[in-house]
Amino acid sequence: MNQLKDQLDNMKKQILNFNKQFARNYKDIFGVEVNIGESIINYAQPDRKDKVKQIYERVLKGETIESELSIKTQNNGYRYFKAWSTKKNHFSAFFIDITEKKDVTETLKTDSKTFRQVFDHVPHSVFVIDITDDEKFLIVDFNEVQLKYLNMQKHDIQDKYVEEVFPENIANSIIGHYRDCIKAGTKITYEEDVFLPGRGRRQYLTTLSPLKNEEGTIFRIVGSSIEITKRKKTEEALKKSEERYKSFVQNSSEGIYLFEFKEPLKTEDSTGQQVKHFYEYGYVSACNDSLAKMYGYTKGESLVGKTLVDFYG
């Protein structure tokens, strides 16, 4: 180690040669000219002189060095370089300016972070499924809402196959939809009615979109789901209410009908104008069988669409 240190201290560390691009970069960054014969240490930034000496130590050991450097410029900005040296009895270094590449990388990192924030905070479930070579479906990404929907933790579904996460009957249904999406080759939308452990019966409106690689092969499916359990319950309640209403009307011994107008009736019109409106624009839109029988018909449908003119001339 002492011999190595002596070698390092005794080295002139002179710049023996460089190309035009190196000279231009150096002048652009530091605002000074590089001269052959001067010590490289003289050109190192104060906070990097120790780093340069460490590099020399490694070079003397015969190492090939490769690293990325960030260098502060005279304008207080930063330039980025990729540098490496060869195994020789002198330090022979090569530099590539990767500032633009680093800027693009940082932009992509920022964009990726922004996307992740959006991905995790959209109000409905989003998930990403990879299609493996053996045509299985691997869950590779999802947002927080998806975890909430499933009542699961991240480790419960991350990088697992669909059949490893869900009961067999649910997994088979989900896989069936994924295969439908692949077969269609385009976006599909459908309603799901499933029983989830810990959450009970739930309904979802799900959309699947296939992604293709450069060869045109579908390799991934991006899905989104909106829970519609409350909406479906409301629809079912309304349907039951409507069925009860229809049953009451149809089974009543009294004649019941619904009279509507093709044009709205103005309540401020005179009685005579309103009567005229009844004749011109009114019609039977629904009625029960009891009313139909009063007019010599068997079924209420026979009166639907008839006007007062049809009844009274």
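Buried means under 20% relative accessible area, exposed means over 50%, and partly exposed lies in between (1.4 Å probe, protein chains only). The model is predicted: local features need pLDDT of at least 70, side-chain atom pairs count only at pLDDT 80 or more, and totals for chains, interfaces and linings use all residues. Residues are numbered from 1 along each chain as its sequence is written, and side-chain values use heavy atoms, with hydrogens and water left out.

**Sheet and helices**

Helices (H or I, at least four residues) and strands (E, at least two) are DSSP runs, numbered from the N terminus. Two strands pair if DSSP finds at least two bridges between them. Six strands form an open sheet in the order β6-β5-β4-β9-β8-β7, with antiparallel pairing. At its edges stand β6 (160-161) and β7 (188-196). Each has a single partner strand, so one side of each lacks a neighbour in the sheet. Strands β4 (residues 125-131) and β9 (residues 218-227) pair in the antiparallel sense over six bridges. There, I129 stands opposite I221 in β9.

Contact means heavy atoms within 4.5 Å. Axes are lines fitted to C-alpha atoms, for helices over the stretch in contact, and angles run from 0 to 180 degrees between N-to-C directions.

| Helix | Residues | Lies across | Angle |
|---|---|---|---|
| α8 | 168-184 | β4, β5, β7, β8, β9 | about 175 degrees to β7 |
| α9 | 229-251 | β7, β8, β9 | about 125 degrees to β8 |

**Cavity**

A cavity is a set of points on a 1 Å grid over the protein atoms alone, where a 1.4 Å probe fits but cannot get out; lining residues have an atom within 4 Å of a point. Grid points are joined across faces, edges and corners, and a volume is the space filled by probe spheres set on the points. The whole structure holds one cavity of 30 Å³ or more. The volume of the largest cavity is about 250 Å³. Its lining has 19 residues, with Q146, L150, F166, I174 and E192 nearest the centre. Elements giving two or more residues to this lining are β4, α5 (144-150), α8, β7 and β8. The largest share, four residues, comes from β7.

Q146 sits in helix α5. Q146 is buried, at 12% relative accessible area. Setting aside residues up to four places away in sequence, Q146 touches S125, V126 and F127.

**Cysteines**

A disulfide is a pair of cysteine sulfur atoms within 2.5 Å. The count is zero. C181 is buried at 0% relative accessibility, and C287 is buried at 13%.

How values were computed. On a 1 Å grid over the protein atoms alone, a cavity is a set of points where a 1.4 Å probe fits but cannot get out, and a pocket is an open set with protein on both sides within 12 Å along at least five of seven lines; lining residues have an atom within 4 Å of a point.
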